[in-house]
Amino acid sequence: MKKLCTILAIIASVLAIILSVLPVSNLAIFPAIAALVFGILAFYLSKKTGSVKKIIQFTFLLTIIALCLTTYKAIFSEAKVANTEVIEATENKLEEEAIEELEGLEIDDSELEGLEIEE
(Lines give C-alpha, C1' and ligand atoms only; values in the text may rest on other atoms or scores of the structure.)
Protein backbone atom coordinates (compact mmCIF):
# COMPACT_ATOMS: atom_id res chain seq x y z
CA MET A 1 0.00 0.00 0.00
CA LYS A 2 2.87 2.34 0.83
CA LYS A 3 4.55 1.69 -2.52
CA LEU A 4 1.30 2.21 -4.41
CA CYS A 5 0.66 5.54 -2.69
CA THR A 6 4.24 6.63 -3.32
CA ILE A 7 4.04 5.75 -7.02
CA LEU A 8 0.69 7.49 -7.42
CA ALA A 9 2.03 10.57 -5.62
CA ILE A 10 5.06 10.70 -7.94
CA ILE A 11 2.93 10.32 -11.07
CA ALA A 12 0.46 12.98 -9.91
CA SER A 13 3.20 15.43 -8.96
CA VAL A 14 4.98 15.03 -12.32
CA LEU A 15 1.67 15.51 -14.11
CA ALA A 16 1.04 18.63 -12.02
CA ILE A 17 4.47 20.02 -12.98
CA ILE A 18 3.82 19.34 -16.67
CA LEU A 19 0.37 20.95 -16.58
CA SER A 20 1.61 23.95 -14.61
CA VAL A 21 3.97 25.04 -17.39
CA LEU A 22 1.40 24.62 -20.16
CA PRO A 23 -1.13 27.29 -21.12
CA VAL A 24 -3.84 25.31 -19.33
CA SER A 25 -2.03 25.68 -16.02
CA ASN A 26 -5.25 25.92 -14.00
CA LEU A 27 -5.77 22.19 -14.57
CA ALA A 28 -2.59 21.47 -12.58
CA ILE A 29 -4.48 21.97 -9.35
CA PHE A 30 -6.27 18.61 -9.59
CA PRO A 31 -3.17 16.37 -9.89
CA ALA A 32 -1.42 18.54 -7.29
CA ILE A 33 -4.17 17.89 -4.78
CA ALA A 34 -4.07 14.17 -5.64
CA ALA A 35 -0.28 14.18 -5.19
CA LEU A 36 -0.63 15.82 -1.79
CA VAL A 37 -3.25 13.29 -0.68
CA PHE A 38 -1.23 10.30 -1.87
CA GLY A 39 1.97 11.82 -0.46
CA ILE A 40 0.44 12.37 2.96
CA LEU A 41 -0.93 8.84 2.95
CA ALA A 42 2.46 7.41 1.91
CA PHE A 43 4.21 9.54 4.54
CA TYR A 44 1.82 8.34 7.23
CA LEU A 45 2.25 4.69 6.21
CA SER A 46 6.03 4.95 6.04
CA LYS A 47 6.16 6.73 9.39
CA LYS A 48 4.26 3.79 10.88
CA THR A 49 7.01 1.43 9.71
CA GLY A 50 9.71 3.82 10.88
CA SER A 51 11.42 4.61 7.58
CA VAL A 52 10.49 7.80 5.76
CA LYS A 53 11.90 7.78 2.23
CA LYS A 54 13.37 10.81 0.51
CA ILE A 55 11.20 10.17 -2.53
CA ILE A 56 8.10 11.16 -0.56
CA GLN A 57 9.70 14.44 0.43
CA PHE A 58 10.73 14.96 -3.21
CA THR A 59 7.11 14.41 -4.23
CA PHE A 60 6.01 17.14 -1.82
CA LEU A 61 8.66 19.46 -3.27
CA LEU A 62 7.47 18.85 -6.84
CA THR A 63 3.87 19.40 -5.82
CA ILE A 64 4.66 22.66 -4.05
CA ILE A 65 6.61 23.89 -7.10
CA ALA A 66 3.68 23.02 -9.37
CA LEU A 67 1.24 24.84 -7.11
CA CYS A 68 3.52 27.90 -6.97
CA LEU A 69 3.83 28.00 -10.76
CA THR A 70 0.10 27.62 -11.20
CA THR A 71 -0.64 30.36 -8.68
CA TYR A 72 1.92 32.69 -10.28
CA LYS A 73 0.48 32.17 -13.75
CA ALA A 74 -3.08 32.65 -12.47
CA ILE A 75 -2.22 35.94 -10.78
CA PHE A 76 0.16 37.55 -13.28
CA SER A 77 -1.08 36.26 -16.64
CA GLU A 78 -3.91 38.05 -18.33
CA ALA A 79 -5.90 36.73 -21.24
CA LYS A 80 -5.73 39.01 -24.24
CA VAL A 81 -8.63 39.04 -26.67
CA ALA A 82 -7.67 39.63 -30.27
CA ASN A 83 -9.36 42.21 -32.46
CA THR A 84 -12.38 40.31 -33.73
CA GLU A 85 -13.30 42.91 -36.33
CA VAL A 86 -10.33 41.94 -38.49
CA ILE A 87 -11.19 38.25 -38.21
CA GLU A 88 -14.83 38.87 -39.09
CA ALA A 89 -13.85 41.02 -42.09
CA THR A 90 -11.52 38.30 -43.36
CA GLU A 91 -14.22 35.69 -42.86
CA ASN A 92 -16.78 37.75 -44.80
CA LYS A 93 -14.29 38.36 -47.62
CA LEU A 94 -13.53 34.64 -47.92
CA GLU A 95 -17.23 33.81 -47.91
CA GLU A 96 -17.92 36.32 -50.71
CA GLU A 97 -15.02 34.90 -52.75
CA ALA A 98 -16.37 31.38 -52.30
CA ILE A 99 -19.86 32.45 -53.42
CA GLU A 100 -18.43 34.17 -56.51
CA GLU A 101 -16.39 31.09 -57.33
CA LEU A 102 -19.43 28.84 -57.02
CA GLU A 103 -21.51 31.17 -59.19
CA GLY A 104 -18.79 31.12 -61.83
CA LEU A 105 -18.89 27.35 -62.22
CA GLU A 106 -20.68 26.03 -65.27
CA ILE A 107 -22.34 22.67 -64.76
CA ASP A 108 -23.98 20.93 -67.67
CA ASP A 109 -27.23 19.09 -67.20
CA SER A 110 -25.62 16.01 -68.75
CA GLU A 111 -23.24 15.80 -65.78
CA LEU A 112 -26.15 15.77 -63.34
CA GLU A 113 -28.27 13.08 -65.05
CA GLY A 114 -26.60 10.11 -63.32
CA LEU A 115 -26.74 11.57 -59.81
CA GLU A 116 -29.40 10.57 -57.35
CA ILE A 117 -30.67 13.35 -55.15
CA GLU A 118 -32.16 12.47 -51.79
CA GLU A 119 -34.83 14.70 -50.30
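Biologist: Is Ser13 buried or exposed?
Modeller: This is a predicted model: local features need pLDDT of at least 70, side-chain atom pairs count only at pLDDT 80 or more, and totals for chains, interfaces and linings use all residues. Residues are numbered from 1 along each chain as its sequence is written, and side-chain values use heavy atoms, leaving out hydrogens and water. Buried means under 20% relative accessible area, exposed over 50%, and partly exposed in between (1.4 Å probe, protein chains only). Ser13 has a relative accessible area of 0%, so Ser13 is buried.

Biologist: Which residues does Ser13 touch, not counting residues up to four places away in sequence?
Modeller: Ser13 lies in helix α1. Contact means heavy atoms within 4.5 Å. With residues up to four places away left out, Ser13 touches Ala35, Thr59, Leu62 and Thr63.

Biologist: How many helices does the protein have?
Modeller: Helices (H or I, at least four residues) and strands (E, at least two) are DSSP runs, numbered from the N terminus. From that end, the elements run α-α-α-α-α. There are 0 strands, and the number of helices is 5.

Biologist: Which helix supplies the largest share of the nonpolar patch?
Modeller: Patches are made of residues with over 30% relative accessible area and no salt bridge; like charges are joined within 9 Å, nonpolar side chains (Val, Leu, Ile, Met, Phe, Trp, Tyr) within 5 Å. A salt bridge is a side-chain nitrogen of Lys or Arg within 4 Å of a carboxyl oxygen of Asp or Glu. This patch covers about 1000 Å² and includes Val14, Val24, Phe30 and Ile65. α1 (2–21) and α3 (54–76) each give at least two residues, and the largest share, 5 residues, comes from α3.

Biologist: Is Phe30 buried or exposed?
Modeller: Phe30 is part of the nonpolar patch and lies in helix α2. Its relative accessible area is 60%, so Phe30 is exposed.

Biologist: Where is Val24 found?
Modeller: Val24 is another member of the nonpolar patch. Val24 is partly exposed, because its relative accessible area is 43%. Its place is the loop between α1 and α2 (29–49).

Biologist: How many Å separate the C-alpha atoms of Leu41 and Cys5?
Modeller: Leu41 is in helix α2. Not counting residues up to four places away, Leu41 touches Met1 and Cys5. Leu41 and Cys5 are 36 residues apart along the chain, yet their C-alpha atoms are separated by 6.7 Å.

Biologist: What is the relative accessibility of Glu100?
Modeller: Glu100 belongs to a negative surface patch, with Glu85, Glu97 and Glu103 among its other members. Asp and Glu count as negative, Lys and Arg as positive; His and the chain ends are not counted. Glu100 is found in helix α4 (84–104). Glu100 counts as exposed because its relative accessibility is 56%.

Note on methods
Areas by Shrake-Rupley, 256 points an atom, 1.4 Å probe, with all protein chains shown as cover. Charge placed at Lys NZ, Arg CZ, Asp CG, Glu CD.
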